[in-house]
Amino acid sequence: MINSAPSLWQMSRGKSCVVTGFDESIRANIRMRLEELGFHKGAVVTCSTSPSLGAPKLYQVANSVYSLEQPIAELVQIQSLQA
Amino acid sequence: MKKVLLVGSPNSGKSMLFNRMTGMNQRVANFPGITVSTHAGMCRDNHELEVIDFPGVYSLQYISGEEEVAVQAFNNALEAPVGEIAAVVCVVDATRLEKGLFFALQVREACRAAGHPMVIASNLTDILSRHGMAIDANGLSTEVSVPVVPVSARSGDGVLALVALLGGEMPAPTSLLAKNEIAVDQNRLRNLAEDLTQAFGPKGDYLLQSHNKADQFFLNTFTGGISFLLIMFLLFQSIFTWASPLMDGVETLIGATAEAVLPWFDDGWTRDFVADALFGGLGSFLVFVPQIFILTMVVGMMEDSGYLARAAVICHRPLRSFGLTGKSFVPMLSGVACAIPGIYAARTIESPRRRWLTYLAIPLMPCSARLPVYGLLIAAFIPDQTVLGGWVGLQGLAMLFIYLFGIVAGLLVVAVVSRFDDADKDDTPFVLEMPPYRTPGFLTLVRNAWERSGDFIKRAGPVIFWVSLVVWVLGYMPNYGQDLGESWLGYAGRLIEPIFAPLGLDWKYGVAILASFLAREVFVGTLGTLFGIEDSEENIGSLADQITASGLGLASGVAVVVFFALASQCISTLATLRRESRSWRLPAQLFVGYGVMAYVVAYLCYLLVGAVV
Ligand SMILES: Nc1nc2c(ncn2[C@@H]2O[C@H](COP(=O)(O)OP(=O)(O)OP(=O)(O)O)[C@@H](O)[C@H]2O)c(=O)[nH]1
């Protein structure tokens, strides 16, 4: 199934978004950990650094910064916020 | 004696608080997941309290085997009868309060269910106050009906107040949330943590803004790449440039001590023993301790500044193409100091497959036990000169090259093995919390490096002493040091000579290599003893000069370096691997596989260098 919702991975530096859900292929324990770290439905996430060459991006959520690699950031669905 | 259980999220400063409370010296580092097992110690300011430090976890709901072990250990500890636990102290990082509070609320539920008191230690308050911020500890405490004590594990502020509180009687938390809420509704705890942070947490995100700027620099393709290479280059130059005055100092000290001590002995075997085995064997190994000290300091500085986590992000993609992950970077870099902490650090890799692949790479990382061997051979073969206007030392460059050789070999082995392995099934993805940038705590770093150097001497010293003793007796008898070639060791050496002859090594080097299977550094001590017996002038000069004078060829020197770079000689590493992988299979495979590889590649290099030079 092709999912058209934008994902965390598509965010560029400095942009903020709200987490709207997760791709259904995500494993339950990974989803749980992401939620515990702050990437839960409704959370506001800012992409603080977006290195090139496919390196993991840095996301700021609830006063912490996490780096997420592409395969996992793609599973978090978002709606972007106007800056 | 009552127990105090220290728990908290990774990198919240538990270990530093533990050290403050107990006066002990647990490893403190600015990287999540450094504490991997529980440690206990008596509280310095109240001998009735025993403090237990648990590994940091993000949640009481585990997602990996290692987290399960940590959480189970905590749950088991909570089963103690009410009254035995003075309190569970949940350490939260006040600069990242929401995450800490989410965990603290889970702990609160667990304590309430078990009937044990709980305290929240809001740590790192020194950073907050430096930026004119604070948390409302009283307000928070009233809201969650648990004492909240602001502390700074680094400066010690608030720690006495915490200990005083722990010495008194406290009630267990009462119901704030519905029963068994952690299992049923994590969302509610999370929302509560968010609300509490909004109401009582520090206002403003000054801290994050400054981090973001630094991240733009260190993770940028250009500036980040250049700074990464520069930092790595400095690391290796420092091992030589900064350590060499210290090493010269130690060498002079040993020489002076020998000169002062030796005249006390009459000519004879005791004098020979002290000169050859003690000063020659043990002494030549001690000379390298400053290098280990400096290496630990510099790696510690990178870790404590928060840079290592960025380096892990930079390295993630490249490491991924070898089958590893960015999280393999720290274990591998720790492996540059010593494979054992490296193997422990690999516990932070949640993916079992990538952890296993990291285990394969770590023993090939150029650990500090190899440093004396490399240092000796570099000093023997590479002139002590600088190039590029005095900025780059040739010996440092050679060391960098040898180190890169080990690292590349490790990556290649992993790449080959991962091709034959079932790829990516059920893999845990890369999520790494970025610790904040901090000025490294100089005292902690010195203490860490001091401790590691001490450990190194304590671990290797006795082995080197006994090996030096045995080698000396075998080499000295039966003709009292008159002729090393005719000694017992000489006979034994000639038996094994055929193994090392293809590498252009005579029996003395063969004996030293065999002895180094106990611990690599033994190589230096053994050679020191052997040359000591042979050298009738009792010259306690530099071992490197003696090697040069012995006529060892460059090709053989390179072969020895390559052999040491690849062979898995360290018994402690193999034992640690067995413990971590819970089987002898992996260490046995590594020992045999890397041994054969080391010999074959050393032989090829010998031929190659021999043909070129
Ligand atoms: N400024 C400041 N830094 C602190 C304080 N407490 C800890 N740190 C630093 O925070 C980092 C983490 O400290 P640790 O004690 O290793 O943290 P931990 O909770 O044991 O971490 P894990 O081993 O990952 O579970 C280190 O860089 C410490 O120097 C504090 O009160 N103030």
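Residues are numbered from 1 along each chain as its sequence is written, and chains are lettered from A in the order in which they are written. In this predicted model local features need pLDDT of at least 70, side-chain atom pairs count only at pLDDT 80 or more, and totals for chains, interfaces and linings use all residues, while side-chain values use heavy atoms, without hydrogens and water.

Visitor: What is the area buried between chain A and chain B?
Guide: Buried area is the accessible area (1.4 Å probe) that two parts lose on being put together, summed over both. Contact, meaning heavy atoms within 4.5 Å, takes 31 residues from chain A and 35 residues from chain B. Carbon and sulfur atoms give 54% of the buried area, which is about 3000 Å².

Visitor: Which residue of chain A forms a salt bridge with Arg320(B)?
Guide: A salt bridge is a side-chain nitrogen of Lys or Arg within 4 Å of a carboxyl oxygen of Asp or Glu. The rule finds one across the interface of chain A and chain B. With the closest N and O atoms 3.0 Å apart, the partner of Arg320(B) is Glu69(A).

Visitor: Which residue in S9(B) stands opposite Leu68(A)?
Guide: Strands are DSSP runs of E, at least two residues, and helices are runs of H or I, at least four, numbered from the N terminus. Two strands pair if DSSP finds at least two bridges between them; S4(A) and strand S9 (residues 431-433) of chain B pair in the antiparallel sense over three bridges. Opposite Leu68(A) stands Val431(B).

Visitor: Is Ser152(B) buried or exposed?
Guide: Ser152(B) lies in the loop between strand S6 (148-150) and helix H6 (159-167) of chain B. Not counting residues up to four places away in sequence, Ser152(B) touches several residues, including Asn123(B), Asp126(B) and Val159(B). Buried means under 20% relative accessible area, exposed over 50% and partly exposed in between (1.4 Å probe, protein chains only). Because its relative accessibility is 1%, Ser152(B) counts as buried.

Visitor: Why is helix H17 of chain B largely enclosed by the rest of the structure?
Guide: Helix H17 spans residues 352-361 of chain B. Among its buried residues are Arg353(B), Arg354(B), Arg355(B) and Tyr359(B). The helix is largely enclosed because the buried residues number eight of the 10.
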